[in-house]
Amino acid sequence: MSSTVQTIKETKEGKLDTKGPSLRLYLGGFMAAGKTSVGSKLSEMTGLPFLGTDDLVEAMAGMSVAEIFANYGEPHFRQLEKRALDETFKLKNVIVGLGGGVLVNPEHKAKIFANGTLIMLDAAVKTIIERASRQPGKRPLLKEDNVAELLDKRREAYKDAHLRVSASEIFIDQVASIIIDNLGKDIIQPERTSRGNYEIVRAKTKKGISYPIVIGRGILTSCDGIQDIVNIIADKHSGAPFVISDPLSFTLFSRQIKKISGTHLLPRGEEGKTLDQVSLIYEKFARHNIDRKGLILAIGGGCVGDAAGFAASTWMRGIDIVQIPTTLIAQVDSSIGGKTAVDLPQGKKPGRDLSPALLCDRGRKLSSKLARR
C-alpha cells in the first residue's frame, strides 16, 4: 500500500456501521500483523474489551495453537476456530483479533461483514518475519521462507475491508488512533471508570460480617481498574491470586490482571457447576499450594461464581474470594451475599424442566469480597 490508511466505506459484503447497539470491531490480517497489540491498545483507549480468536481457541482446548496442530492437526484447529468466532457474534461492544486464517473461509468472512466492522492491518513481509522471530514456534503455519508465498495465497481473502491501515511503519498507538479517527469518537465508551474512580459500598450479613462491593463502569477493561481492586484486597494474602473462570470470560478480561498464580477454566454454563469440577479445582489448589492466605478471583457469570465460591468456602475451611461478575444477573444477584452452590444430578429428570438440586454452602466464616463490573 502506498498510503497508511485506506477507507472503504462500502463493500459488496456490507456497509460501515459503528453506531449500532452491538458494536463489534474485527481486526484482520496476516500472522504477526499486529492485531493483538493494536487490539489491546484500542481496548485501553476506548474501554471496549478485546479478545483474540487464537487466545479463545487455546482457552477452550487447554493447550497452545502449536500443540493443537501437533497433536490433532489443522482440521481440528479450524473447528475450534469456528466455535471461537461464533462466540464473538453473541457479544456486544467488543474488539476481536482474528487469527490469520479466519478470513480465508468465505462463510466466516460473510458472517463478520454481516455482524461487525472489519479493519484490515497490512504489514510488509520483512515486518512479519521480524515480529514472528520474537515468538518462535507460536505460529505453526509460518516459516521464514514461505511468508511471501502464503501471503500471496491469502491476498484475495484479505482484499475487502471497511478500513485498511498499514501497520508496518508506524507505532501501535498511532495505528489505534488512526482507527478511532476513521471510525469516529462514538466508539469510545462514555463514563469509563478511570483509576480510583469507582464507588465502594459495604454489605452486611445477618451474622455481622461486612464486605465491600465495588461499583464502576469499565472496571474490567481499564488497564488499572481491576488491578487496583486486586491490590487493595491482596495485600494480606500470600502470593498472586488464583483465577477461576470460563474460556470466554478469561480471554476477555484476564489480560488486565498482572500476576496470576494459576487458573482453572470451567465449561460454560451449568456444566461447570458440578462436584466433578469442584474436585478438579481442589486438585489445582493443591498443585499451586493455595493455603489459607490464598486469594481466589472468580471471573464470569453466575455458574462460575457459584462453583468458585463453593470451592473457596470449602477449601481449608474457607479462603477469601473476589467475585468479578461479567453478566447482569451475576452483578445484581448471584455474586452478592456469599451464597454458593453446585448442581447434583438428582435434580435433573429427563423430559421435565426442573430446577437442579443444589448443594449449598453460605460460607458463614468466609468474608467474601465482591467486585462488580
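**Close-up views of the second largest cavity**

View 1. The lining of the second largest cavity comprises 7 polar, 2 nonpolar and 1 charged residues; nonpolar covers Ala, Val, Leu, Ile, Met, Phe, Trp, Tyr, Cys and Pro, charged covers Asp, Glu, Lys and Arg, and polar covers the others, including Gly. This is a predicted model, in which local features need pLDDT of at least 70 and side-chain atom pairs pLDDT 80 or more, while totals for chains, interfaces and linings use all residues. Numbering starts from 1 along each chain as its sequence is written, and side-chain values use heavy atoms, without hydrogens and water.

**View 2. Residues and elements around the cavity.** G300, G301, G302, G305, D306, Q323, P325, A330, S334 and S335 line the second largest cavity. Two or more lining residues come from each of α12 (302-314), β12 (320-325) and α13 (328-334); helices (H or I, at least four residues) and strands (E, at least two) are DSSP runs numbered from the N terminus. The largest share, 3 residues, belongs to α12.

View 3. A cavity is a set of points on a 1 Å grid over the protein atoms alone where a 1.4 Å probe fits but cannot get out, and lining residues have an atom within 4 Å of a point.

**View 4. The surrounding chain.** The chain has 13 helices and 15 strands. Of its 373 residues, 51% are buried (under 20% relative accessible area, 1.4 Å probe, protein chains only).

Methods:
1 Å grid on protein atoms, 1.4 Å probe; cavity = no way out; pocket = protein on both sides within 12 Å on 5 of 7 lines; lining within 4 Å. Buried < 20%, exposed > 50% of the residue type's maximum accessible area, 1.4 Å probe, protein only.
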